[in-house]
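Here is a brief report on a predicted model. Keep the sequence and the 3D view open while reading.

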Amino acid sequence: MPTISFQNKDLCDLVGKNIPIKELAELLEYGKGELESYDEENDEVTVSFGDTNLPYLWSVEGVARLIKGLIGKQKGIPKLDIFKKSEHRLIVDKSVKNVRPYIAAFAAKGKKVDDKFIKQIIDLQEKFCDSYGRRRKKTAIGVYNYKKIKFPIHYKATKPESIKFVPLEYKKEMTQQEILEDHPTGKEYAWILEGMPKYPILVDANDEVLSFPPIINSNYSGKIDIGDEDLFFEATGEDLDSVLLAANIFAQAFYERGFKIESVTVEYPDKKNDKITTPFLFDETVKVSLSQIRDLLGLKLDEKKIKKLLEKMQFDYNKGTVKIPNYRRDIMHPVDVIEDIAIAYGYSNIDMEYMKSYTVGKTFPIVNFVDKVRELMTGLCYQEVMSAILSNKEVLFKKMNVKEFSLIELKEYMSKRYAVVRNWLMPGLMDVLSKNKSVEYPQKIFEEGLITAKKDKEAKDYHRIAAVSAHEGADYTEARQAIDFILRGFDIDYKVMDVEHDSFIKGRVGRVIVDGKKVAYVGEINPKVLSNFDLTVPVCGFELNLTELFSAIQ
Amino acid sequence: MDINKLINKLHPLERKVLPVLDKSEELKDISKKAGLKEVEAMRALQWLSNKEILKIKEDIKEVAELGKNGKEYLEKGMPEKRFLDVIKDKAKDEDKIKEKLNKQEYGACIGILKKNSTIAISKEKGKLKFKATPAVKFFLENLKKTEEFLKKDFPVELNKLSTEERKILEELKKRKDIIEVDIKKSKRIELTDIGKRILKKGIKGKVEDKLTSEMLKKGSWKNKKFRGYDVSINVPVKFGGKKQHYRRFLDEVRNKFISLGFIEMDGPIVESDFWDMDVLYMPQFHSARDIHEAYYVKDPEFSDISKKILDNVKKAHENGFDTGSKGWGYKFDPLRTKRNLLRTQGTACSARMLASDELKIPAKYFAITRCFRYDVIDATHLPDFNQVEGIVVEEGLNIKHLFGLLQMFARKFADTEEIKLVPGYFPFTEPSVELFAKHPELGWIELGGAGIFRPEVTKPLGINVPVIAWGLGIDRIAMFKLGLKDIRDLFSHNLDVLRKTKVNI
């Protein structure tokens with residue numbers, strides 16, 4: 001979830017109105033934002049955004065824009081004047097095609113930058129590249145001192161050792177390869193270029209390096225200082241749409257800061273894209289009908305009202321056509337616009353209604369069955385426990401003195417304790433006993449729940465129940481009596497056969513069979529297992545497959 | 001105070017002890033007279049004291065007891081007496097004396113006897129020789145008193161000794177292991193007025209302690225009186241079998257949904273990317289997937305997906321299928337979608353239900369599912385948690401019904417009418433809403449999220465009616481209801497805690 005911080009005064013200056021913090025919290029809800037905190041001393045507001053598709057909101061300029069629409073300071077799509085500058089050429093070499101093919105750029109001029117602005121721009125850039133830009137892989141951004149650049153700019157890919165330049169905030173020249181190996185930022189993002197024969201580079205007409213996208217700017221032109229007036233912006237990436245959107249969002253923010261925006265013409269080597277002037281005017285529209293709105297919202301709104309609501313959310317509307325601002329690419333379907341109409345209308349202003357039709361509720365027959373089994377177990381004075389489904393091999397097999405069987409393993413896990421999916425329940429119960437050695441005996445516990453086992457190359461879930469009883473007199477008879485109580489309780493005929501199972505004492509473990517199906521083990525736990533769990537009392541118990549049992553008695 | 005009732009409730013031990021109390025007041029004495037062991041008598045006295053029939057008073061006494069040597073001297077006589085006996089008639093050398101006394105006694109005696117001038121010592125051939133003096137007679141007379149003292153009935157209380165005896169005692173205390181003085185606490189019993197009234201009334205007749213089947217068979221119970229119990233006293237704690245607190249809560253949640261007309265759904269724990277995310281229009285390479293960091297399964301690594309549905313979903317992602325959407329506009333990876341993972345969200349079950357032949361329209365569905373999230377474990381996060389999710393399918397549903405449903409949930413599951421609906425974001429619903437409920441102490445609490453499924457979700461599955469999708473953070477709701485602060489307590493393995501956890505009313 002993207003989180004941004006800014007000074008409230010900065011926001012109020014941009015909006016042109018004082019916004020009390022309480023009111024800000026409510027206004028943010030319209031942008032699916034949440035006021036996380038307000039640090040009064042530093043006047044710092046922290047906001048998190050739930051919708052990861054709205055990167056245009058992730059800056060103080062974006063929040064100010066949202067609020068201006070909501071409080072009526074501005075209607076419809078916000079203004080953005082772009083001055084065409086044909087001399088701003090950016091030539092894309094065909095060598096970047098398989099490396100990082102797309103770039104968008106613009107110039108922003110005529111406003112002295114201060115420290116607040118630099119901080120904001122770095123913040124927005126980071127949030128954008130981290131979240132929306134997939135940690136710079138999809139999109140990365142660079143901002144430069146315009147005055148140090150000579151057009152045309154060339155975007156190309158070169159051999160890792162062929163070009164040397166001084167990276168930002170560094171003193172010595174490095175090759176691109178050296179940057180990836182030794183520079184902290186280089187090391188952090190080296191994964192993006194892994195396995196590439198050539199690395200992208202941006203140079204100006206004098207062959208001065210602007211940057212090594214998506215890694216780092218040069219110290220020469222890629223450094224912004226307080227007092228700089230004219231800036232150059234570029235976004236590179238794998239996806240054309242994303243780099244164009246990045247340029248549009250930043251151009252809008254710079255414009256609202258008082259910069260004059262000048263376009264850049266990007267010249268691609270292939271015919272398909274040819275020349276693209278950026279910021280790019282998508283000028284997207286979507287058609288929304290009154291009936292669609294009525295169907296989804298249950299509101300009878302007339303066109304005038306719809307236009308007003310859409311303008312509040314900074315769309316333009318004309319006769320069923322909604323024009324989308326160029327800093328947005330999240331509108332895929334009319335429902336996206338209709339949601340904005342509902343938000344503008346106010347969720348709290350929408351009446352609630354109940355469904356008209358009568359429906360009958362029910363659950364699965366096996367759920368009722370397992371509930372009755374659980375009820376019988378509590379009747380035998382067993383305490384129910386509930387455990388995590390994730391477990392580990394140590395508990396499931398090693399401590400239980402058995403070989404691994406039909407186990408579902410995970411590719412990666414966070415904690416060794418939770419590294420596989422449990423495929424039987426009794427080990428979990430033994431683990432519970434081992435954690436309760438100081439608690440009064442006898443201890444009788446059971447768990448009913450799902451286990452997952454690999455069967456016929458597929459993962460299958462089964463309802464199981466396991467129960468253990470730990471005390472001085474715990475023996476086979478007791479465990480057998482317990483399972484007998486359950487099965488007899490349902491009037492189920494069963495047989496118990498001799499079986500070998502190393503978790504139990506040899507000769508004191510039985511396999512319970514119902515209608516030819518093997519449904520349970522019952523017996524006395526092997527002292528070796530007890531000592532593995534550091535237990536010093538005898539334990540008996542059983543594990544019963546309820547899914548199998550249920551299907552056997554159907 | 002009903003004396004008869006009190007008498008009726010007297011325990012057999014109490015009945016034995018009480019009658020001797022008017023004559024005795026010391027525990028030793030009482031137990032002897034009552035024919036009980038001291039512990040039994042003490043227990044009975046304690047009960048009687050609880051009932052305010054008597055008071056147990058504690059006395060602190062200094063008591064003298066014979067030591068190891070004291071007991072020996074009582075038998076053999078004092079060592080100085082034995083010393084003098086040897087030289088009574090004739091002077092003797094040290095060897096003769098040492099036959100009668102041990103080394104320690106010998107040394108001590110020489111000191112005492114010299115001090116009292118009862119012996120004259122000389123040296124012959126390197127050996128000491130002792131001779132009695134006339135002072136012996138007087139000394140022996142005095143010593144008799146000491147010997148008399150040793151014959152007393154020990155242990156004796158110091159404050160019951162005469163001045164002379166005290167003097168002797170003080171002297172003996174200086175010597176090794178003759179007398180030991182201890183501070184002893186002893187109990188003294190004093191009847192209260194109630195106690196005196198009971199004794200006056202007398203404890204008559206036989207009362208039965210236990211009703212036996214013998215009495216029932218013979219009918220002899222008819223003539224018997226049964227002892228009344230003190231029903232107000234605490235009894236030892238007993239733990240029966242109980243359902244686990246969180247599981248019980250989930251049982252109740254299930255029952256509530258069924259009573260509201262919801263049908264239960266389920267789905268596999270090992271789920272495919274397809275049903276877990278792709279069918280829900282979560283793009284394969286979008287940051288929205290960051291919030292669902294998943295546990296991928298080693299083996300079986302892939303699942304089979306029906307080609308028709310897969311094709312539709314692929315198109316929905318790539319170009320919007322025939323929904324009127326432009327789609328996400330990227331190349332959908334049909335292999336990646338088959339990867340298996342542990343279900344990250346219960347919505348996977350909803351998606352499966354929408355694709356199922358069993359789907360009914362209109363209908364309401366719910367699922368209580370175990371879900372998994374790649375996360376660190378702390379007071380609010382578990383890798384393994386429960387979600388309650390579901391769908392409502394009906395022709396003509398709109399946002400008003402969505403809001404109505406959420407209000408009902410707040411009422412049913414959080415016992416509150418005070419709710420707040422805030423615009424939310426889920427990749428699979430539009431519009432989306434988050435449900436907050438007012439908690440009396442904690443303020444606004446997020447209960448869950450909901451929305452109307454995007455056409456990109458429903459249409460590829462062949463559904464052409466609106467579908468409300470909702471989810472409740474059931475773990476969090478359970479924590480509020482059960483008064484727990486740490487999510488790990490929902491799955492507590494502390495048997496003591498499990499046994500003592502309250503059953504929620």
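Which residue in β17(B) is the bridge partner of Val392(B)? The partner is Ile468(B).

## The sheet in chain B

That bridge has a wider setting. Strands β13 (residues 384–393) and β17 (residues 467–472) of chain B pair in the antiparallel sense, over six bridges. Strands of a sheet pair through backbone hydrogen bonds, either parallel or antiparallel.

Seven strands of chain B build an open sheet. Their order is β9-β12-β13-β17-β16-β15-β14, and the pairing is mixed. At the edges stand β9 (262–264) and β14 (419–423) of chain B; each has a single partner strand, so one side of each lacks a neighbour in the sheet. From one strand to the next, the twist averages 25 degrees.

## Helices on the sheet

Chain A supplies a helix here. Helix α10 (residues 334–345) of chain A packs on the sheet and touches β14 and β15 (429–439) of chain B. Its direction makes about 35 degrees with that of β15(B).

Chain B has helix α13 (residues 245–259), which lies across β9, β12 (363–372) and β13 of chain B. Helix α13(B) runs at about 160 degrees to β12(B).

## The contact between chains

The contact takes 75 residues from chain B and 77 residues from chain A. On the side of chain B that touches chain A, α13(B) gives the largest share, seven residues. The residues on that side of chain B divide into 36 nonpolar, 19 polar and 20 charged.

## Domains of chain A

The domain assignment of chain A gives domain 1 (3–70), domain 2 (82–278), domain 3 (285–348) and domain 4 (365–553). Taken over C-alpha atoms, the centres of domain 2 and domain 3 of chain A are separated by 35 Å.

Note on methods
Residues numbered from 1 in each chain as written. Chains lettered and ligands numbered in written order. Predicted model: local features only at pLDDT ≥ 70, side-chain atom pairs only at ≥ 80, totals over all residues. Domains from an automatic or database assignment. Pairing = 2+ DSSP bridges. Helix = DSSP H or I, 4+ residues; strand = E, 2+ residues; numbered from the N terminus. Axes fitted to C-alpha atoms, helices over the stretch in contact; angles between N-to-C directions. Contact = placed C-beta atoms within 7 Å. Nonpolar A, V, L, I, M, F, W, Y, C, P; charged D, E, K, R; others polar.
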